[in-house]
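Hi everyone, thanks for coming along this morning. I'd like to walk you through a structure, so let me put it up on the screen.

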Amino acid sequence: MSGITSQDETFETKVSFQDISRSDLDRPNPQDYVKHFKKGLSEDLVRQISKDKNEPSWILDIRLQGLKSFHEKSLPAWGPDISQLHFDTIRYFSKGSDKTHQKSWDEVDPKIKATFERLKIPEAERAVLAGVGAQYESENVYHNLKKEWEDQGVIFEDFDIAIQKYPELVRKYFTRCVPIADHKFSALHYAVFSGGTFLYVPEEVEVTQPLQAYFRMNSMNQGQFEHTLIVIEKGAKAHYIEGCSAPKYGSESLHAGCVEVFVEQQAQARYSSVENWSKDTYNLNTKRALVKDRAKMEWIGGNLGSGVTMLYPCSILIGDYARVDHLGVAFANTDQNQDTGAKVTILGKNCRASIISKSLSKGGGTSTYRGLIDIKKSADHAIVNVECDALMLDDHSVSDTIPHIHCVNDTASVTHEAKAGKISADILLYLESRGIDEESAKAMIVNGFLDEIVKTLPLEYAVELNRLIELEMEGSIG
Amino acid sequence: MSQSFVGSESKSSLMVLCIENVHAQWNDTPILQGVNLEVDKGEMHVILGPNGSGKSTLGKVILGDQAYQKTDGNIRFNGESFDGLEPHERAQKGFFLSWQSPPSIDGVSAKDLLLTAKKSLDPDFRSSFRLQKSLKERLHGMHLSDEFMGRSYNVGASGGEQRKMEMVSLLTLDPLCAFLDEIDSGIDVDSMHALNEGIQEFIQRDGKSVILISHTQKFLQLVKPTHAHLLVQGKIIRSDDHSLISYIHKNGFQEFLPKKKNLKVLSS
């Protein structure tokens with residue numbers, strides 16, 4: 001609420017996510033098209049995807065390596081229980097329309113366009129964004145970059161198209177940040193990846209407006225495996241935002257996306273995402289950044305949806321004086337397990353890392369902060385601060401903090417601060433004594449708790465996040 | 001008021017708060033033991049009494065704090081019973097409690113808090129721009145900087161600043177009846193004058209009333225309550241005009257306290 005009320009003078013004239021309700025997000029479109037796409041994973045399917053996209057052979061090789069590695073690797077032995085995820089019931093590839101990869105909303109299939117309009121994406125693009133990508137099931141239906149940025153050499157392209165149009169550039173970076181065999185789900189990702197974004201910002205170009213991609217899963221048992229590759233060249237700067245949602249079916253869906261970010265010397269990258277998959281989605285996402293000399297990476301993430309989330313954005317500070325900020329919010333409601341956190345590996349000298357994690361749990365939900373700080377021998381004078389705050393909204397919700405710190409350099413300074421608690425009865429009564437009802441008072445306290453993170457988001461996303469939290473807060477009494 | 005007789009109409013429509021024989025306890029410990037108090041519009045009452053006599057409890061019980069159980073008696077506000085109403089509903093009826101130690105709230109600004117409160121109290125309230133403007137003026141009136149609008153509520157604020165924020169809230173939310181629980185404690189002389197000006201501004205508005213708890217004679221001399229009550233061991237044992245204030249300050253509470261019978265036992 002703090003975000004909404006504090007801005008509401010200016011906000012009415014701007015784009016509003018305020019009207020989006022849970023039913024807008026949970027409601028699917030018709031899905032006759034899915035009968036053309038089989039469920040389950042096989043080498044045939046992998047080859048078929050590659051053929052359908054007319055990919056060069058080196059991409060198919062990566063896919064096949066991924067598939068092999070997926071079969072070799074076991075599920076993680078830690079974290080939430082994902083044994084109910086049945087790989088053979090997932091549909092790994094499907095298209096909602098043959099009209100994909102459009103440059104104009106007018107060309108997008110009207111039914112699909114309506115979905116994105118309901119989510120207010122085209123409106124936001126006109127008002128505040130430098131470029132927009134919209135993915136529906138496995139493929140992008142729309143991707144566009146405003147001309148002023150194109151003229152400066154910025155590339156903002158559907159990842160499938162980028163492979164065709166910029167093969168050398170893609171090949172230079174693809175899989176170099178997140179290796180194929182990193183873990184079972186990265187391997188799966190590389191086997192069946194489809195869609196996603198390629199963002200390339202040339203040296204010294206500052207993209208002042210955010211670039212956004214929105215990912216939507218529509219059909220039941222869908223899997224989405226978009227690949228996002230971001231390269232911010234020396235001295236350049238960009239802000240990339242991702243929004244995600246899927247309708248609710250009561251039958252599992254799988255999201256195993258992958259994000260690779262290369263932040264070159266003195267460059268600055270900010271990656272913001274609000275992930276709001278439906279509650280039957282497994283969100284097993286891999287995000288990683290390589291940060292060079294004097295470069296700065298910022299991860300800002302809100303995780304609200306999904307039944308199970310396992311997401312730990314990772315930063316590898318390889319250059320000297322590299323910096324990273326991780327800001328994360330997780331909200332676990334009934335039947336949700338939000339296992340999120342951050343991983344930072346430091347190799348360069350005089351690097352700084354800051355991790356702020358805020359988690360909320362309600363209605364018996366579980367949220368866990370899981371973190372790894374790894375300070376290598378070469379990382380002289382590293383400074384790392386970790387701050388984890390957890391707020392439990394009732395007596396039967398759970399919050400855990402599992403921090404790991406490995407440090408083999410004596411000159412490093414690491415602080416870890418963790419707080420967990422319930423909503424203060426005193427504050428609640430105080431707000432009520434001013435005429436504010438219990439539910440609104442709780443929402444206000446929760447928004448205040450998250451304020452530090454929400455205020456780093458662009459206004460529209462702050463409003464969206466606040467709105468989503470309000471939806472989760474509904475019925476929070478008793 | 002449809003049930004009132006013509007003769008009592010004028011009297012009852014003036015009365016904002018009527019407390020009859022209120023008993024209340026906290027964790028099975030009786031605190032209020034039959035409090036009676038009537039407050040009319042336009043009146044300013046002070047409740048005096050030694051520490052632990054139940055003054056703050058009275059404010060919390062009127063608010064409807066669940067930590068206290070009202071075991072007997074009636075609280076009527078503006079002609080309606082407060083029974084069964086939640087604290088926010090009592091606030092919406094026009095009762096305001098200023099807290100002795102208000103909490104600090106991370107990430108919630110005074111602007112957000114008061115805007116949300118104002119909207120809850122008045123569903124027709126629209127102009128947040130005007131509220132923001134008047135909030136700024138009120139802060140200046142209390143010698144508080146603009147910063148207090150946007151920063152986390154009461155976080156890092158001194159006791160004096162917190163109390164002045166209570167006054168800013170009172171003047172902004174504009175209730176019918178304000179219960180000010182030691183709003184003057186531990187404040188400097190300039191702040192005391194500012195708070196007094198706030199109270200005077202409020203009581204001069206149409207149909208308002210104030211109940212004060214205070215131990216400071218200097219403050220009470222400035223504020224000039226019209227009525228004074230003495231609350232001892234959960235009961236109002238004397239009600240008078242302002243002359244009671246100077247009497248108590250001169251003579252203390254001793255003569256009003258029950259005689260200690262078992263002195264020997266206590267001292268051994």
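Let me begin with a question: is Asp83(B) buried, partly exposed or exposed? Asp83(B) is partly exposed, because its relative accessible area is 40%. Before I say more about that residue, please keep in mind that this is a predicted model.

So, who is the partner of Asp83(B)? It is Lys70(B), and the two form a salt bridge with their closest N and O atoms 3.2 Å apart. This pair links distant parts of the chain: Lys70(B) sits in strand 4 (residues 68-77) of chain B, while Asp83(B) is in the loop between strand 5 (80-81) and helix 3 (87-93), 13 residues apart. Lys70(B) is partly exposed too, as its relative accessible area is 32%.

Let's look at some other pairs. Over all chains, the count comes to 28 salt bridges. In chain A, Lys68(A) forms one with Glu72(A), and here the closest N and O atoms are 3.2 Å apart. Both residues lie in helix 4 (residues 57-72) of chain A, four residues apart, which is about one turn of the helix. Lys68(A) and Glu72(A) are both exposed.

Now for a pair where the two partners fall into separate classes. Lys376(A) and Asp374(A) meet through their side chains in a salt bridge, at 2.9 Å from N to O. Lys376(A) has a relative accessible area of 33%, so it is partly exposed. Asp374(A) counts as buried because its relative accessibility is 15%, and the cut-off for buried is under 20%.

Back in chain B, there is also a network of salt bridges, linking Arg138(B), Asp174(B), Glu201(B), Arg205(B) and Lys208(B).

Ile199(B) is found in helix 8 (residues 189-204) of chain B. With a relative accessibility of 1%, Ile199(B) counts as buried. Which residues does Ile199(B) contact, leaving aside its neighbours within four places in sequence? They are Met44(B), Met167(B), Leu180(B), Leu212(B), Phe219(B) and Val223(B). Take Met44(B): it is 155 residues away from Ile199(B) along the chain, yet their C-alpha atoms are separated by 9.6 Å.

Now let's zoom out to the whole chains, starting with chain A. Its secondary structure comes to 13 helices and 22 strands. The C-alpha trace of chain A spans about 65 × 55 × 45 Å along its principal axes. Among the contacts in chain A between residues at least 6 apart in sequence, 84% join residues at least 24 apart. The accessible surface of chain A comes to about 17300 Å², with 47% of it belonging to carbon and sulfur atoms.

And chain B? This chain has 11 helices and 12 strands, and its C-alpha trace spans about 65 × 50 × 35 Å along the principal axes. With 268 residues, a compact globule would have a radius of gyration near 18 Å, and the 19 Å of chain B agrees with that. Buried residues make up 49% of chain B. Its accessible surface is about 12900 Å², of which 48% belongs to carbon and sulfur atoms. As for charges, chain B has 30 positive and 33 negative side chains, and the centres of the two sets lie 3 Å apart.

Conventions: Residues numbered from 1 in each chain as written. Chains lettered and ligands numbered in written order. Predicted model: local features only at pLDDT ≥ 70, side-chain atom pairs only at ≥ 80, totals over all residues. Heavy atoms only, no water. Helix = DSSP H or I, 4+ residues; strand = E, 2+ residues; numbered from the N terminus. Contact = heavy atoms within 4.5 Å. Areas by Shrake-Rupley, 256 points an atom, 1.4 Å probe, with all protein chains shown as cover. Salt bridge = Lys/Arg side-chain N within 4 Å of Asp/Glu carboxyl O. Buried < 20%, exposed > 50% of the residue type's maximum accessible area, 1.4 Å probe, protein only. Rg over C-alpha atoms; globule rule 2.2 N^0.38 Å. Lys, Arg positive; Asp, Glu negative; His and termini not counted. Charge placed at Lys NZ, Arg CZ, Asp CG, Glu CD.
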